[in-house]
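Here is a short briefing to read alongside the structure. Have the viewer open, and follow the topics one by one.

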Amino acid sequence: MSVDLTSTSGRTILAFKAGRAFRRAGTNFVDASPTKGAIVLTNEEGLIHFMWKDRTTGEVGEDLILFPGDAKLEKVPQSSWGRTYVLKFESSDQKHFFWLQDASTRRDEEFVTNLNRTLADPNIIAIWDARNVYPTSEASTSATGASISPPSTVQPVIPATSNPTPAGTTPEQLAQLRGIVSSMTGFTSEDELWLTDVLSSQNLLQLFQSHPELLSSLFPHLPPELIPSSDATPQQAVEILQRTTNSPPFRLAVAQLDRALRTGALGEFVRSLGLPESAAMGVGAFLAAIAEQARQEGGTEERMEED
Amino acid sequence: MSDEDSSGWQLTESDPGVFTELLKSLGVPYIVDDLYSLEPESLEALQPVHALIFLFKWFPESPDDEPGVGAGHYDSDFPGFFAHQTVNNACATLAVVNALGNIASLHAGPQFMDLLNFTSGMDPQTCGMAITSADWLREAHNALSPPSSISLDGLDLSKKSEEAYHFVVYLPVLGSLYELDGLKPYPVRHGEYDGSGEGWVKKAREVIENRIHTYPTGALEFSLLALRDDPIPGMRRRLDALQGSAEDAEMSDLMNKISNENSKRERWAFENSSRRHNHIGLVHALLLALAKAGKLDSAKADAQRVMRERLERQRAMQS
């Protein structure tokens, strides 16, 4: 009667670095708190959670369950520093203030726009714009390494009443959005795929059997106790690889990576794998970057027909 | 103490293999096995059983639904070992410690024996805090759980929400059956048991079955584990003693049993290794290998097809 605890609950939709700011009692001033954090949007059993997490301790400082259409994150125009936002509600007067903490402002609008799209309709998938990830200038900004301190002057806040529309949305982006919306009955586009299906048991077995010369490149990534010894037969090696890739922890890792790639927030992570930051834009982008990495490493078979 | 305070203790799974690995790191020669039923035959096969661990998750309609102590009574004068659960994620290890702390003539490694001596005489709350402050114990516990693998500059994106099972230990102390629940103020005494025949497990069966029946149907998810002697050394000694004798049936039976136990340990060892390992590197390496083998494009096309079919089925069901 062993109990399986590997099922996950809670799917992260998107995440980006942000700190909190608090209204000074009795005033319209908002003071930014320097604590490093992140706004994380998750879907737990159909409910959208807007969370603020402390990045140093991992603790959840704020966990709001939001109804579609009730809340949106708006820029505070009176903030001269320019990166202060307020989460406002149709259903109540409550307000939560945040300030964006990513060292680069390049993706501010993109994060906020995608957040608001999801808060308006959780079935909308996030759209990540390649132009925000490929810097146009030669000097690339290190988007994740730098720490940023909050503005030292206090920003006066007068509640905004206008409803700002996202500026600078190109016709192509609108068409893309319309195309996606019109083709979906659920929440995916025509090209949608899951990493778990790409790495299906069948695909992997075929790979192991048809390309034994590639197996040794996989050994270092196995659990250390399971790495085949030098006198293991190819059959034994395939058995170990199969057993590992069919195991719940492996399947879970694939599912987690799939979900995490959809948040658009894995820039630093994909770089640690030797991939360009554009690989973090989604599952398709990740796979394209890997195909390129394989070509660069050599040993790619440019064959038209499959085994 | 907030629910979010994990004090560095990670949430572990509750497989017998995980518990047995923990026992090994404590230097205790016991194992933990799944119990599929409380019937006499099942328990008999596992004797000697030192404690039963009841683990459960339940979904109350209201906070007032929580069952109390059944027919038992709180024993504020309990002479044995009892620690409160002061850190949620440590629940599995705490249950094991509560069980081991009450086993007479326990064989264990020096660190654990020292910890038991150190906490002797402490009240449950202080005892619980002392247990969860033991760095070596926390490290042994954390070594059993999966690593966090995907982070956004310090924020772990892959962390699942913490849904812990609750663990309750049943074991005999000084002639009575006790229930040790780290979330209750004191151990619960369920009365004396008859030492003959099945012994204390008979009373444990009654108490546990009664408990299960107090929950509304479908509201309870549970599992039972038995903390018992490792049977392999005893079986090997018996087999050695029978060598050259005519007891073929018994020898063959023993060899089967030993072989089954070894398979089970091998499976546990594999699962533990797999559970502790960060597989993300392997995922990347596999995708790269697929690309180098010229198979990535067809795998992608395949995956897209599977997804389309999935969506078709979903639409068909909804219309």
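**A threonine and its surroundings**

Leaving aside its neighbours within four places in sequence, A:T245 is in contact with A:L204, A:F208, A:F250, A:R251, B:L282 and B:L286. Keep in mind that this is a predicted model.

**A:T245 in chain A**
- You will find A:T245 in helix α6 of chain A, which covers residues 234-245.
- A:T245 counts as buried because its relative accessibility is 2%, and buried means under 20%.
- Its side chain also reaches the backbone oxygen of A:Q242, at 3.3 Å.

**Strand β4 of chain A and its partners**
- Of the 8 residues in strand β4 (residues 47-54) of chain A, 7 are buried, so the strand is mostly covered.
- Strand β3 (residues 37-44) of chain A runs antiparallel to β4(A), and 8 bridges join the two.
- Within β4(A), A:M51 is the bridge partner of A:V40.
- On to strand β5 (residues 60-66) of chain A: 6 bridges join β5(A) to β4(A), again antiparallel.
- A:I48 stands opposite A:L66 in β5(A).
- β4(A) and β5(A) form a hairpin with 5 residues between them, and A:G58 in the turn has a positive phi of about 80 degrees.

**Helix α5 of chain B**
- Helix α5 of chain B spans residues 124-133, and its buried residues include B:C127, B:G128, B:A130, B:I131 and B:T132.
- At the N-terminal end, B:D123 caps α5(B), with a side-chain oxygen 3.1 Å from the backbone nitrogen of B:Q125.

Methods
Residues are numbered from 1 along each chain as its sequence is written. Chains are lettered from A and ligands numbered from 1 in the order in which they are written. This is a predicted model: local features need pLDDT of at least 70, side-chain atom pairs count only at pLDDT 80 or more; totals for chains, interfaces and linings use all residues. Side-chain values use heavy atoms; hydrogens and water are left out. Buried means under 20% relative accessible area, exposed over 50%, partly exposed in between (1.4 Å probe, protein chains only). Helices (H or I, at least four residues) and strands (E, at least two) are DSSP runs, numbered from the N terminus. A polar contact is a pair of N or O atoms within 3.5 Å; within protein, one must be able to donate a hydrogen and the other to accept it, and residues adjacent in sequence count only if both atoms are side-chain atoms. Two strands pair if DSSP finds at least two bridges between them. Contact means heavy atoms within 4.5 Å.
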